[in-house]
Amino acid sequence: MPNSEMEAKSKATNWLKAANMDASSKQEIEALLLNQEELDEAFLNDLEFGTGGLRGIMGIGTNRMNKYTVGMATQGFANYLKSQFSNEIKVAIAFDSRNNSQLFAETTAHVFSANGIQVFLFEDLRPTPELSFAIRNLGCQGGVVITASHNPKEYNGYKAYWNDGGQLVPPHDKNVIEEVKKINSIDEINFESNPSLIQRIGEDMDRAYLDMIKNLSLSPDAISSHRDMNIVFSSIHGTGITIVPRALEELGFKNIHVVEEQKTPDGNFPTVVYPNPEEEEAMTLALKKAKEIDADIVMATDPDADRVGIAVKNSEENFQLLNGNQTGALLVFYLMKKWTEKGLKGNEYIGKTIVTTELIRDIANSFNTKCYDTLTGFKWIADMIRRKEGDEVFIGGGEESYGYMIGEEVRDKDAVASSVIIAEMAAWAKTQGLTVFELLLQIYKTYGVYYEELKSITKKGLQGAEEIKRMMENFRNAPPETLAGSQVTTLIDYLEGVKIDSSGKKEAVNFPKSNVLQYLTEDGTKVSVRPSGTEPKIKFYFSVKSEFNNGSYVEIEEKLKDKIHNLLNDLNL
């Protein structure tokens, strides 16, 4: 028998011997022992607790999401919390609509309570941003949400949070990983729940969260004038249904049309291939509804309601999906306009990630407001807010992958608050005699037309990982001199922490080390390259720009698409 087969069998046998192992799980393992291929899939590797927590296919085994791998993660997290805080430790736990999410959340609560930690467990599914809010509201030292965001239905995940309501960042992320790695056996997990330490939360927290969102409103008069605006909303079988329609209604909107076929939470996501509002397929039913009722705006949230996708009528009166950069730019323009009207003090700022459109920076700067970049991932925006707290004020911001945050009360991307402010922005645009699409065109005429595309290349297995490594080395050591006919003026290497201009002059960049490269050209083109942290992919983010002088928007967009095609050719992709 090959070593790998022996290793998988040995790990499975150890699980069978564990005193904590329940009878049904033992039966599943015994069945796997009769099928080497399935056994290897389940036990050969371990599901890694990474910087974002756990994410994997559900099932029995060390390489699967199940109550034992969740238990090991929680035991490690509990051990670390106890090493960092000497007084009472409190955590909040939420879960989404995925299969087994409630089971995994309750398992997490049992293990924390068994370790003497006070637990606030949501009584039913809730959005991820409400978990972030709850951590801060209850003065918790940590938190966990059970979700795999918009992954396929076979997946689930475990995201860990710190006391600021943001996901773990250095040094805590690496330190928790080390603690989790120390758990070598299921019998090291304390599953002996202490019910007296588990408190259910629900409506009271909803009320506090909704009140916070209502306080973000900047145009109550616009809502009052356009309360009958036609809004279509879909939760795509996720948690958004628990609170987004209610938030819109409490702000004053009266005409909210929920997509009935998708409003019931269901971890099988029966009406879509992927429950991802970035995908047109997932928006099909919402767009159908929008056409039927002649909607002003369409919004859909992903299963844990931290991302939101929108659609609006374009110049041809057809519904058009806006990408994450376009929605982010609209939000930032609206926020800056209204904050300027009420009076800026000079210490406010906008936040975005390095791969997000530079249009957001242009908008912020035009209002004499700073725009700061962070690494990819919303935890870095949360970390920036924590570091600047008390000195500077975060207005809002986001990332190209459909995640936005308004204000400082939540420290993760928040599709609930974003949906409310997007709807308010649409109402405000109407008071200006504009549709949302016309407002976007107005922004383009002022700042230039930005067009972005993401290209992901999948390279599976060990050979694929080596290919990705070689590609990054080649781009790092032999950067292009021109891209799409424009001189490359700057190379930013976030792994080496250096910015190099075309003359060879070097300047330090103050970011945590990350394997990301960026090329900036004379004509405003930006190309970012990075390996995915969660998938066997290398990702290329393209951003190109054109003035909006002559011709239609459609013509300009086509020219920019051609330019990205040229960039792909230049990079041999």
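**View 1. Charged ends over aromatic rings.** In this predicted model, the charged end of Lys342 sits over the ring of Trp339, 3.9 Å from its centre.

**View 2. The aromatic pair of Trp15 and Tyr68.** The model holds 17 aromatic pairs. In one of them the ring centres of Trp15 and Tyr68 are 5.7 Å apart and the planes stand at 65°, so the pair is edge-to-face. Trp15 belongs to helix 1 (residues 3-17) and Tyr68 to helix 4 (residues 67-84), so the pair ties together parts that are 53 residues apart in sequence. Trp15 counts as buried at 7% relative accessibility, and Tyr68 is buried as well, with a relative accessible area of 1%. Through ring pairs, Trp15 and Tyr68 are linked with Phe43 and Phe191 into a cluster.

**View 3. The aromatic pair of Phe77 and Phe112.** These two rings form an edge-to-face pair, with 5.9 Å from centre to centre and 65° between the planes. Phe77 lies in helix 4 and Phe112 in helix 5 (residues 101-114), and the pair thus links distant parts of the chain, 35 residues apart. Both Phe77 and Phe112 are buried.

**View 4. The surroundings of Glu452.** Glu452, in strand 16 (residues 449-458), is buried yet has no salt bridge, and the nearest side chain of opposite charge, that of Lys526, is 7.0 Å away. The side chain of Glu452 makes polar contacts with the side chains of Thr357, at 2.8 Å, and of Ser543, at 2.9 Å. Beyond its neighbours within four places in sequence, the residues in contact with Glu452 also include Asn325, Phe542 and Ile564.

Notes
Residues are numbered from 1 along each chain as its sequence is written. This is a predicted model: local features need pLDDT of at least 70, side-chain atom pairs count only at pLDDT 80 or more; totals for chains, interfaces and linings use all residues. Side-chain values use heavy atoms; hydrogens and water are left out. Helices (H or I, at least four residues) and strands (E, at least two) are DSSP runs, numbered from the N terminus. Buried means under 20% relative accessible area, exposed over 50%, partly exposed in between (1.4 Å probe, protein chains only). Lys and Arg count as positive and Asp and Glu as negative; His and the chain ends are not counted. A salt bridge is a side-chain nitrogen of Lys or Arg within 4 Å of a carboxyl oxygen of Asp or Glu. A polar contact is a pair of N or O atoms within 3.5 Å; within protein, one must be able to donate a hydrogen and the other to accept it, and residues adjacent in sequence count only if both atoms are side-chain atoms. Contact means heavy atoms within 4.5 Å. Rings of Phe, Tyr and Trp (its six-membered ring) pair if their centres lie within 6.5 Å; planes under 30 degrees apart count as stacked, over 60 as edge-to-face and the rest as tilted. A charge sits over a ring if NZ of Lys or CZ of Arg is within 6 Å of the ring centre and within 35 degrees of the ring normal.
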